[in-house]
Amino acid sequence: MTLAFAPGIGSPERFWPPIVLASLLLGPGLSVTAAPIEDIVVSTARLPPIADDGRYVTRLDASALAAGPHARLDAALTVVPGVSLFRRASSLIAHPTTQGLTLRGIGPNGAGRALVLLDGVPLNDPFGGWVVWSAIDMASLAAVEIRRGSGSGAFGSQALTGTLSLETRRPADREFRLSGRVDSDDTADVSAALGGRLGRTVLLFTGSHFDSDGFILPPADQRGAVDVPAVSRASHAALLGETALGTHTTLVSRLAWFGEHRRNGTPLARNATDGLDASLRLVVDHGRAGPGLTLALYGTDREFSNLFTAVDDDRRSERPVLDQFAVPSRAAGASVSLRWPLFRADMLEIGADWRRLEGITNERFRNLGDGFTRLRRAG
């Protein structure tokens with residue numbers, strides 16, 4: 001009689017004592033052999049080299065942005081893998097301080113971890129790093145370029161998770177655009193553009209207005225007398241001018257204003273943001289025929305206010321708990337970049353930028369029922 005052991009059943013050594021005993025009892029007619037164990041090799045192809053980083057950059061042109069159903073740019077960007085919002089809610093309903101963007105799978109627990117640039121000028125709030133998406137008109141954009149992965153080396157500390165670059169569409173000789181939509185909850189969204197050429201200068205004016213009475217946030221079975229619709233209103237206006245100084249040299253100036261006001265579901269809870277942006281850029285572009293130069297100067301001014309409240313258990317009354325009555329912030333900066341064409345389609349770019357940010361928060365806090373008793377100022 002012959003006994004064989006197959007792999008996976010167990011180690012044959014554990015059976016040797018009883019087998020030896022059986023062989024002594026049964027005589028020489030019993031023989032034992034062990035089946036050979038075959039080698040198993042698991043292999044897979046290696047990942048492509050990290051140096052091939054073109055797969056980490058996604059570019060969306062104007063037609064791709066217009067094809068989606070989204071009313072704001074932040075929601076339109078979520079169709080790109082690796083892009084997510086700070087609170088997974090669009091800027092139509094999200095609090096301004098949570099209107100951030102996170103790239104490349106970094107956990108969405110910081111509103112200012114991605115740098116947002118409009119023609120090379122930062123749009124992030126100087127105080128908290130968030131982005132007011134209602135100040136961006138998608139119809140005026142030529143393209144959006146998303147760079148996932150840390151860009152701190154090339155773009156500064158604000159580009160911790162990546163960089164979002166917005167390119168403004170070049171003004172046409174003559175342009176007139178008017179679009180709008182009306183939805184439920186008394187919501188209206190209107191956008192307009194008017195442009196023309198004056199000698200060697202092309203001017204383009206863009207504006208938009210969003211107005212919504214909103215809806216009551218808690219479910220119907222959880223509402224109380226204190227719950228009211230979340231009203232949201234936002235306006236934006238920008239003037240863009242481009243002057244040809246030569247065959248390959250242009251001077252681009254931009255002046256923009258926006259305002260956003262919200263009521264956050266109760267009569268007292270509210271916030272407001274107003275901003276003014278100005279930039280001046282000198283662009284020398286020879287394409288691949290020669291070196292290029294971009295010189296930019298910009299300034300940003302922001303005013304923010306916010307009131308948080310606490311609602312009683314029966315949802316019949318509320319009381320203020322934090323009144324950020326004045327949060328001003330300002331930024332000024334300059335940047336310069338030089339480009340040289342190399343072999344094939346490669347480009348070498350060297351640049352530097354300087355930024356100064358400052359902000360102050362003035363807030364009342366500690367309200368135990370008889371009004372605020374503390375005042376805090378920080379920045």
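## Close-up views of ring contacts in a predicted model

**View A. Arginine 72 and phenylalanine 210.** In this predicted model, the charged end of arginine 72 is placed over the ring of phenylalanine 210, at 5.1 Å from the ring's centre.

**View B. Arginine 376 and phenylalanine 365.** Here the charged end of arginine 376 sits over the ring of phenylalanine 365, and the distance to the centre of that ring is 4.0 Å.

**View C. The aromatic pair of tryptophan 130 and phenylalanine 304.** The structure holds one aromatic pair. The ring centres of tryptophan 130 and phenylalanine 304 are 5.9 Å apart and their planes stand at 55°, so the pair is tilted. Because tryptophan 130 lies in the loop between strand E7 (121-122) and strand E8 (141-148), while phenylalanine 304 belongs to strand E16 (residues 292-311), the pair ties together parts that are 174 residues apart in sequence.

View E. The secondary structure of the protein chain consists of four helices and 20 strands, and of its 379 residues, 39% are buried. Of the contacts between residues at least 6 apart in sequence, 57% join residues at least 24 apart. The accessible surface of the protein chain amounts to about 21600 Å², with carbon and sulfur atoms accounting for 59% of that area.

How values were computed: Residues are numbered from 1 along each chain as its sequence is written. This is a predicted model: local features need pLDDT of at least 70, side-chain atom pairs count only at pLDDT 80 or more; totals for chains, interfaces and linings use all residues. Side-chain values use heavy atoms; hydrogens and water are left out. Helices (H or I, at least four residues) and strands (E, at least two) are DSSP runs, numbered from the N terminus. Buried means under 20% relative accessible area, exposed over 50%, partly exposed in between (1.4 Å probe, protein chains only). Contact means heavy atoms within 4.5 Å. Accessible areas come from the Shrake-Rupley method with a 1.4 Å probe; for residues, only the protein chains shown count as cover. Rings of Phe, Tyr and Trp (its six-membered ring) pair if their centres lie within 6.5 Å; planes under 30 degrees apart count as stacked, over 60 as edge-to-face and the rest as tilted. A charge sits over a ring if NZ of Lys or CZ of Arg is within 6 Å of the ring centre and within 35 degrees of the ring normal.
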